[in-house]
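Student: I have a new structure to read. Please show me how to go through it, feature by feature.

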Amino acid sequence: MIRFVLSVAVVGLAGCGGPEPPVAGVPLAGTVSYQGATRASKLLSMDAEEGCEKLHPAPVTEERIVVAPGGGLANAFVYIKTGLEGRKFPPPAEGVVLEQRGCQFVPRVLALRTGQTLAVKNADPVSHNIHPTPKENRDWNQQQPPGAPDLQRKFAIPEVMIPVKCNVHNWMRSYIGVLDHPFLAVTDASGKFAWPDLPPGKYTLAVWHEALGELTQDLTVEAGKPATVALAFRD
Ligand SMILES: [Cu+2]
């Protein structure tokens with residue numbers, strides 16, 4: 001009986017310990033813009049596969065640089081590059097979806113966490129062969145016929161960026177940014193991104209774009225002060 005009471009006491013003490021409560025994060029709202037000469041998008045030719053061509057009655061343009069009327073740059077991958085070393089963030093339970101639709105990857109740019117599930121879907125009536133080409137992670141490629149179940153994959157190592165191609169259709173491109181923390185985002189159609197709770201600290205913020213390269217900027221976040229940031233690519 002005494003032993004039982006003691007063990008309960010020990011468990012009770014352990015429950016009160018553990019890591020210190022984290023300092024509350026602050027919201028950060030950011031914008032990425034492109035202030036260079038507008039570059040006309042190339043037309044994509046899908047005439048190598050009739051099954052793809054038939055899906056597009058109108059011409060399809062390559063989505064390399066997508067700029068909103070106000071200059072906001074879509075499909076830029078924004079992330080905290082330094083300042084979070086040594087911190088542990090478990091991956092979210094919900095996965096991220098990469099779809100093949102109209103013989104293109106949708107979305108063009110994805111943000112994924114290490115250990116988070118990437119679900120690859122084929123919505124097309126043709127076969128695709130998904131082939132990420134990482135430098136740090138394991139290389140794989142996988143055929144996915146029409147109606148095949150989703151492919152479920154994970155990436156173990158942070159890597160910015162992993163180009164994804166289709167071994168059947170050489171115009172298909174997607175890019176996956178993999179990080180081991182939650183401060184990563186892809187800009188929306190107006191070039192905006194947001195993080196709800198960035199911990200106070202000193203960081204290097206980086207933005208990567210497939211055609212424009214990478215920019216970095218120092219960022220200091222103070223407790224209780226919501227932050228804003230603007231990054232601009234120029235020619
Ligand atoms: Cu394909």
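**Reading the features**

Tutor: Asn75 touches Glu63, Val66, Arg108, Val109, Val186, Thr187 and His209, leaving out residues up to four places away in sequence. Contact means heavy atoms within 4.5 Å. This is a predicted model: local features need pLDDT of at least 70, side-chain atom pairs count only at pLDDT 80 or more, and totals for chains, interfaces and linings use all residues. Residues are numbered from 1 along each chain as its sequence is written, and side-chain values use heavy atoms, with hydrogens and water left out.

Student: Where does Asn75 lie? Is Asn75 buried or exposed?

Tutor: Asn75 lies in the loop between strand E3 (60-61) and E4. Helices (H or I, at least four residues) and strands (E, at least two) are DSSP runs, numbered from the N terminus. Buried means under 20% relative accessible area, exposed over 50%, and partly exposed in between (1.4 Å probe, protein chains only). Asn75 counts as buried because its relative accessibility is 15%.

Student: Which residues is Glu210 in contact with, beyond its neighbours within four places in sequence?

Tutor: Glu63, Arg64, Arg108 and Tyr175. Glu210 is found in the loop between E16 and E17. Its relative accessible area is 15%, so Glu210 is buried.

Student: What does the side chain of Glu210 make with the side chain of Arg108?

Tutor: A polar contact, at 2.8 Å. The term stands for a pair of N or O atoms within 3.5 Å; within protein, one must be able to donate a hydrogen and the other to accept it, and residues adjacent in sequence count only if both atoms are side-chain atoms.

Student: How many residues does the largest nonpolar core have?

Tutor: First, the term: a nonpolar core is a set of buried Ala, Val, Leu, Ile, Met, Phe, Trp, Tyr and Cys residues joined through side-chain atoms within 4.5 Å. The largest one here has 25 residues, and Val32, Ile80, Trp195 and Leu198 have the most contacts inside it. Elements giving two or more residues to this core include strand E1 (26-34), strand E4 (77-82) and strand E15 (192-198). A second, separate core has 24 residues, including Leu112, Phe155, Trp171 and Met172.

Student: Which residues is Ile80 in contact with?

Tutor: Leave aside its neighbours within four places in sequence. Then Ile80 is in contact with His181, Phe183, Trp195, Leu198, Tyr203, Thr204, Leu205 and Leu219.

Student: Which residues form a disulfide?

Tutor: A disulfide is a covalent bond between the sulfur atoms of two cysteines. The cut-off used is a pair of cysteine sulfur atoms within 2.5 Å. The structure holds 1 disulfide. Cys52 and Cys103 form it, with sulfur atoms 2.0 Å apart. The pair links distant parts of the chain, 51 residues apart: Cys52 is in helix H2 (residues 50-53), and Cys103 in the loop between strand E5 (96-101) and strand E6 (104-106). Both Cys52 and Cys103 are buried. The link is left-handed, with -75° about the S-S bond.

Student: What order do the strands have in the open sheet of 4 strands?

Tutor: Strands of a sheet pair through backbone hydrogen bonds, either parallel or antiparallel. Here two strands pair if DSSP finds at least two bridges between them. The order is E6-E5-E8-E11, with mixed pairing. E6 and strand E11 (151-153) are the edge strands, each pairing on one side only. Strand E8 (residues 118-122) and E11 run antiparallel, joined by 3 bridges. Leu118 stands opposite Arg153 in E11.

Student: How many helices and strands are there in the protein?

Tutor: There are 2 helices and 18 strands. Of the 235 residues, 41% count as buried.
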